[in-house]
Amino acid sequence: AMAYGILGSLYGGLQMVGAPLMGYAMDLYSRRLVLLVSLSAAMLSYALVAVAGSMLMLYASRVPVGLLKQTQTASRAIVMDVTDGDARLRHLGYLSAARNCGYVFGPLLGSVLVSV
């Protein structure tokens, strides 16, 4: 049980370290590049989870996603950059609605696909 607690805490701890670094990278380079790096890190992390044969490998799989996954932050920053006024609020609402739909329908879809 403790190993799984550490696994969950590792992600949160790395997010606290990675968030300011990725925010700085968004300002220094581009938000689009940071979004692509974030998505690539997530892809790498989830691929590592798929092939993990030990708890150490699971711990290692959380490092890239913990440090680099700032997709929601980058997405909100991009929306803020490309919209203004009422359109900005509307598009931030769309982004929030899409994220919430993912929280609701993602596990549902996953459970259906597992049973196939």
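The legends below describe close-up views of a predicted model.

Local features are reported at pLDDT of at least 70 and side-chain atom pairs at pLDDT 80 or more, whereas totals for chains, interfaces and linings use all residues. Residues are numbered from 1 along each chain as its sequence is written, and side-chain values use heavy atoms, with hydrogens and water left out.

**View 1. The whole chain.**
The protein has five helices and zero strands, in the order α-α-α-α-α along the sequence. Helices (H or I, at least four residues) and strands (E, at least two) are DSSP runs, numbered from the N terminus. The C-alpha trace spans about 50 × 35 × 20 Å along its principal axes. Of the 116 residues, 22% are buried. Buried means under 20% relative accessible area, exposed means over 50%, and partly exposed lies in between, with a 1.4 Å probe and protein chains only. Among contacts (heavy atoms within 4.5 Å) between residues at least 6 apart in sequence, 60% join residues at least 24 apart.

**View 2. Packing of α1 against α3.**
Two packed helices are described by the angle between their axes and the distance between the axes. Here the axes of α1 and helix α3 (residues 55-68) come within 7 Å and cross at roughly 25°. The axes are lines fitted to C-alpha atoms, for helices over the stretch in contact, and the angles run from 0 to 180 degrees between N-to-C directions. The angle makes α1 roughly parallel to α3. Angles under 35 degrees count as roughly parallel, over 145 as roughly antiparallel, 65 to 115 as roughly perpendicular and the rest as oblique. The crossing of α1 and α3 is right-handed, a term used when the near helix is turned clockwise from the far one by less than a right angle; anticlockwise is left-handed. On the α1 side, the contact residues include A3, Y4, I6, L7, L10 and Y11; on the α3 side, they include M55, L58, Y59, R62 and V63. By class, the contact has 16 nonpolar, three polar and one charged residue. Ala, Val, Leu, Ile, Met, Phe, Trp, Tyr, Cys and Pro count as nonpolar, Asp, Glu, Lys and Arg as charged, and the others, Gly among them, as polar.

**View 3. Packing of α1 against α2.**
Helix α1 (residues 2-28) and helix α2 (residues 31-51) pack with their axes 7 Å apart, at an angle of about 140°. This angle makes α1 oblique to α2. From α1, the residues M22, A25, M26 and D27 meet R31, V34, V37 and S38 of α2. The contact comprises five nonpolar, one polar and two charged residues.

**View 4. M22 and the largest nonpolar core.**
Seven residues form this core: M22, A25, M26, V34, L35, A74 and A77. A nonpolar core is a set of buried Ala, Val, Leu, Ile, Met, Phe, Trp, Tyr and Cys residues joined through side-chain atoms within 4.5 Å. The elements giving two or more residues to the core are α1, α2 and α4, and the largest share, three residues, comes from α1. Residues up to four places away in sequence aside, M22 touches V34, V37, S38, L67, L68 and Q70.

**View 5. Packing of α4 against α5.**
Helix α4 (residues 71-82) and helix α5 (residues 85-114) have axes that come within 9 Å and cross at roughly 155°. The two helices are therefore roughly antiparallel to each other, and their crossing is right-handed. Q72, S75, R76, V79 and M80 of α4 make the contact with R88, H91, L92, L95, R99 and Y103 of α5. Divided by class, these are five nonpolar, three polar and three charged residues.

**View 6. L58 and Y46.**
L58 is found in helix α3, and Y46 lies in helix α2. The two residues are twelve places apart in sequence, with 9.7 Å between their C-alpha atoms. Neighbours within four places in sequence aside, L58 is in contact with L7, V49 and A52, and Y46 with R62, V65 and K69. Y46 is partly exposed, with a relative accessible area of 44%. From Y46 to Q70 the C-alpha distance is 15 Å, with 24 residues of separation in sequence.

**View 7. M2.**
M2 is found in helix α1 and is exposed, with a relative accessible area of 66%. The C-alpha atoms of M2 and S54 are 15 Å apart, at a separation of 52 residues along the chain.
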